[in-house]
Structures are given as structure tokens and as C-alpha cells.
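Me: Hi! Could you walk me through this structure?

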Amino acid sequence: MGKKETVYLGGGCFWCIEAVFSKIKGVEKVIPGYMGGKKEEANYKDVCGGNTKHAEVVKVLFNTNIISFPKILEIFFYIHDPTLLNRQGNDIGSQYRSIIFYSSKNQLKVINNFLIKIKNKFKNKIVTEINGPMEFFQAEDYHIDYYNLNKNQPYCNLVISPKVLLFQEKFKNYLKN
């Protein structure tokens, strides 16, 4: 059965993060949504308008007997640039910031140790925000599994597909069958 943990990750558009994490062995569920804002609710229109201060994130439920939390972090920091403030590529705005919402004190300890270990691997300073649990607002249904359902859409083809391919090459031992 294994021990289940949840972490919330934001590193640009949630379609990108979901596309990668849904392919990882041991990840049981990836749900796009919004966290970290000031309003009591969140939806795509308001979040993209910058009105709520929420970040686009994915809720990642994983089995620690199959994949470790440090490996989840390694993949997360590989597939986005944690040194960019409020953007990833051409996606610009605070909703695209690099952010982690941990679910336990142990996760926080692992995150802090991991950041110390990788800080010199980047030319610029890591600006990833680290926050404790907050309310998660699930994204609208049409965002769920967006990449797999829309691979021919230009954004998916030009932005997400290259990230997925890079991930698959580096982490082939962690891919679901």
C-alpha cells in the first residue's frame, strides 16, 4: 500500500507541471488548482487577471514507497527555473511564481535541506516561495489533464512537449509503464 503524502507545486503554468507529474511512477493523482491568494475563492479568470494573488499549482498525491519526496523535489526543480520571479518563459505574472506548499513539518525540513544542496547549481538566486498548508481551490474541469487532451494545441506543442521530453530523457527510470 505505502505511505501517501501530498505536496502542492507551482512553477509556471499548471498544465506544464501536471503533464510531467502525471507521468511519474508513484504519483497517484495530480490536480491543477490555485493556492496562496488573498481571496476566499479562486477561478482561472480572476487568477490570470492578477486579482487574487493565487499561484497556479498542482496538488500531487504520491506514494513514498515508490517515489521519495526528495526525488519529487529534484524533478520539480529540473522542469522549471526557480530563479525567475513571477514568470516562467513567456508566462508572466505572480500566478506563475515558483512556489511549494508543504503538508508537514518533515516535508519542510526536506525542502530546506534540498534547497541548501542545490543552491549552487543555479547561476542566480533561487526565489521559490515555501509556505505551509493553505486552502487549495481545484481548477475548472477543462484544466484537468489539459496537455494529454490538447497535445496539438500550439501552447502544448511548443511549451509543454519539450519540457515533457526533457523530463522523460533524464528521469526514464521514474516513468509509469
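**A chat about the fold**

Me: Before we start, what kind of model is this, and how are residues numbered?
Reply: This is a predicted model, where local features need pLDDT of at least 70, side-chain atom pairs count only at pLDDT 80 or more, and totals for chains, interfaces and linings use all residues. Residues are numbered from 1 along each chain as its sequence is written, and side-chain values use heavy atoms, with hydrogens and water left out.

Me: Thanks! How many disulfides does the structure hold?
Reply: Zero disulfides, a disulfide being a pair of cysteine sulfur atoms within 2.5 Å.

Me: Is Cys16 buried or exposed?
Reply: Cys16 is buried, at 3% relative accessibility. Buried means under 20% relative accessible area, exposed over 50%, and partly exposed in between (1.4 Å probe, protein chains only). Cys48, at 29%, counts as partly exposed.

Me: What about helix α1, how many of its residues are buried?
Reply: Eight of the eight residues in α1 (residues 14–21) are buried, so the helix is mostly covered. Among them are Phe14, Trp15, Cys16 and Glu18. Helices (H or I, at least four residues) and strands (E, at least two) are DSSP runs, numbered from the N terminus.

Me: Switching to the sheet: what's the strand order?
Reply: The order is β7-β6-β1-β3-β2-β8, six strands in an open sheet with mixed pairing. At the edges are β7 (129–131) and β8 (137–138), each of which pairs on one side only. Two strands pair if DSSP finds at least two bridges between them.

Me: Which helix packs on that sheet?
Reply: Helix α3 (residues 69–79) does, touching β1 (4–11), β2, β3 and β6 (98–101). The direction of α3 makes about 15 degrees with that of β1. Axes are lines fitted to C-alpha atoms, for helices over the stretch in contact, and angles run from 0 to 180 degrees between N-to-C directions.

Me: How do β2 and β3 pair?
Reply: Strand β2 (residues 27–35) and strand β3 (residues 55–63) are antiparallel, over eight bridges. Lys29 stands opposite Leu61 in β3.

Me: Nice. How do α3 and α6 cross?
Reply: Their axes come within 10 Å and cross at roughly 140 degrees, with α6 covering residues 154–170. That makes α3 oblique to α6, since angles under 35 degrees count as roughly parallel, over 145 as roughly antiparallel, 65 to 115 as roughly perpendicular and the rest as oblique.

Me: Which residues make that contact?
Reply: From α3 there are Glu74, Ile75, Tyr78 and Ile79, and from α6 Lys163, Leu166, Phe167 and Lys170. Contact means heavy atoms within 4.5 Å.

Me: What does Val159 touch?
Reply: Val159 lies in helix α6 and touches Cys16 and Pro154, not counting residues up to four places away in sequence. Val159 is partly exposed, at 31%.

Me: Last one: where is Ile126?
Reply: Ile126 sits in the loop between α4 (105–118) and β7. Ile126 is buried, with a relative accessible area of 17%. Not counting residues up to four places away in sequence, Ile126 touches Phe77, Pro82, Thr83, Leu115, Ile118 and Lys119.
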